[in-house]
Amino acid sequence: MPRLIYIKETEGAREPRLTELLDRIRTDDRASFKYFTEPAELGELLVGDLAVLLAERFDESRSTPPAPAPPSEDQLPPQAPPPKPVSALPSPLTQLFGREEEGRDIVARLRDPDVRLLTLTGPGGIGKTRLAIDVGRRLEDDFPDGVTFVPLAPVENPGQVPSAIAQVLGVRDTGDLPIERKLVTALRDRRALLVLDNFEHVLPAADLVTTLLEGAPALKLLVTSRAMLRLSGEHAVEVSPLELPPARTGPWRPDAPVPASVALFVERARSVKPDFELTPENADAVERISTRLEGVPLAIELAAARIRLLSPATLLDRLDRRLALLVGGQRNLPPRQQAVRSTIEWSTRLLGSRERNLLWQLGGFAGRFSLEAAEAVTDVSGEVLSLLEALVDTSLLRQQDRGGRTYFTLLATVREYALEKLEEQGLVEKFRNRHMRYFVDWGRRMGVDLIGRQQRERVQSLHEERDNLRAAVRHLLEVRDSATTSEFAWALLPYWWIGGLLGEVHGWMDELLDGGDPLSPRTRAVALYYTGAIGYWQESAESILPNLAESVELFRGLGAGADEGIALISLGLAQVTGPQPDIPAAVASLERSLDLLQEAGHLWGAGLAQIAFGRVELLRKDPRSALTHFQAALRLAEQQQDALALTLALDHVGVGELLVGSVDEACTDMKRGLQVSVGLHHDEFMALGLEGFIGVAAVRGDVERAGLLTGAARALRERAGMFNPTEYAFADRFVREIRSGRDSGAFERSYEEGRRLSPTDAVDVALGLVPATPPSAVAEAAVPAGSAAPAASPSPTGAS
């Protein structure tokens, strides 16, 4: 059953255990968490939510069995472990036919220690992707660090391939280091299989494959492509068509073996006509259809989808007449590729004009797209949903449900064909412009609620459409619309940070600055901010300070107080980064930042400024003043109910409390922060939370836990591609003391063990340091009131 949680706004402080319970509920995927102030508002929320639930239940009752109820509150663990992105293989919608022997051969070759790169080649529609998924499933037990599937069909140019791989692996492209280096770091110690699908249109990125194989000795790659990559050490398997029916001299027998091509036809025909069976009357026509289509799976699927309206004999007659005509104009293509393309064209000619026009226009989408996007971007007359249903019924379009919403996607081969047709009509530019305008407007609307209670929902929606967001920006850059590019990037600042896409944004802004076009002051201010704020740990402070200072001045000249305040946070942190920190300048920048952000009512930014100020206070060796700033940030985060701001503030409050000797209080706040970050599935803050507990373990003399957490946090950062400069991490002073003392051997053994811990087990180790009862008094710890360098991370504000 759904969990609808309504909390009345209150001015007073809540009991700590209630606050902890609300944190768990807020980060629970199964809960709807909303606030109200008056009874009438509660009534409106209830009516709206119940209406939505009734509609959803009605839709689900027509297509899927009811899901089992989630566990009750007393059965629910205090935190849910984050999903493992390294075991992501798609769930096929159809059965695999005729690939048993082929699959066994590929599995055996990939188990060979000398085979690290294997490419499945063949024309579009031959079944390379489906075979690769099956091979990946067979090999899951051989690769303890997972089998990862990376779809490259939505990728528009070779330069985007590293980001596409990083996204699936969970590697955060924060812009602090080149993404290729981050991938090597993340994969270096993994025994994993990486499946790269549809590589043929990004062949110039083949050098990345070599880089990954050289940098990660236990990594293997399985690639699907219409052409070989032509790399040293590459092994290739040409995927064959499905087995064709043998020539028959006598009548068809029901007990005769069914060849794979015929079995696939029957299975797909039953999906649209459940009572379809092979009979003596139709068997000959079905066998001839399979032969006519060369045993190519996609061609067979498209033809079988017509069996609801056409008998096998009629279908064969139409295929014979139509394909003979179509193939005649494509003699430059290999026979099997002719079969696929001709069958696609034949299938589209059987559509009505509205369905055809819609299909061409859908070719402009990158990756999956929602019903709402299809309705907004296309301009066919009539009900778009009914037309989409017709395309799904003919197997030209695929439909899937993700996170309770419906999405659609075109197979790469069908999308190529649709784009060709759009090009023939001279409409590509029109629909790319329309696609761009829709996703820019939609993204900005999502950005309005990125800070606050709807953060998780908005981030998930943006994540599902990220390929279309990238395509929209790429089009903006191609048409040199610098103003819209910068405003779009600015509107989604929290998403780029949370989603680990800041490195891509850095690249977009570099293009604007290096493009030679005149930029408006605001566009230049945004571009300089991103290139400076994201460059902390990649470039020297001296090189980024001018960019950030100019960004601040440009925002100031425009009277954009809140924007200036955000830029001042990064400027202030840059002023204390490097061998000669300028603390007075940083204090002046952060004081002005706080004034501007508070005046503008920008609570999220004000919270980040308070955290930055607290970190400067740590550099000034004043942990009590730092704690005051961190606690101010926590109050702001509580007021906004923003999970990201909350976990960030809690982690820093915990560090401050630890440094002033309040160890039990530090444990309580660090626990809350770690649990919220786990619920967010946010690796960056999970690592930060674990690192806070390293200090707790060290203060308590628990060398084993300190080693375990140090190893686990380091491994988590490496696997997520996050920056990890130990000289800046606040817990590093504790680690250095242990490593230089008599317990160094025990610490190193625990450190190596910690590197092998799962994130869930690492969280359990950290939470084991939390007292069983709430703190009743301040525990004096052996922590001097001196300085400890603040934790660092390449967030856009430097505030993590």
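1. A helix crossing is called left-handed if the near helix is turned anticlockwise from the far one by less than a right angle. Keep that in mind as you look at this predicted model, where the crossing of helices H25 and H26 is left-handed.

2. Here is how that pair is arranged. Helix H25 covers residues 561-574 and helix H26 covers residues 583-600; their axes come within 8 Å and cross at roughly 155°. Angles over 145 degrees count as roughly antiparallel, and H25 and H26 are therefore roughly antiparallel to each other.

3. Next, have a look at helix H4, residues 128-138. Its buried residues are Lys128, Leu131, Ala132, Ile133, Asp134, Val135 and Gly136. What do the buried residues of H4 pack against? Their partners are helix H3 (100-111) together with strands E3 (117-121), E4 (147-151), E5 (193-197) and E6 (220-225).

4. Finally, there is an open sheet of 3 strands, in the order E8-E10-E9, with antiparallel pairing. Strands E8 (369-370) and E9 (398-402) are at the edges, each pairing on one side only. In general, strands of a sheet pair through backbone hydrogen bonds.

5. Ser370 has Tyr407 in E10 as its bridge partner.

Terms used: Residues numbered from 1 in each chain as written. Predicted model: local features only at pLDDT ≥ 70, side-chain atom pairs only at ≥ 80, totals over all residues. Heavy atoms only, no water. Pairing = 2+ DSSP bridges. Helix = DSSP H or I, 4+ residues; strand = E, 2+ residues; numbered from the N terminus. Axes fitted to C-alpha atoms, helices over the stretch in contact; angles between N-to-C directions. Parallel < 35°, antiparallel > 145°, perpendicular 65-115°, else oblique. Buried < 20%, exposed > 50% of the residue type's maximum accessible area, 1.4 Å probe, protein only. Contact = heavy atoms within 4.5 Å.
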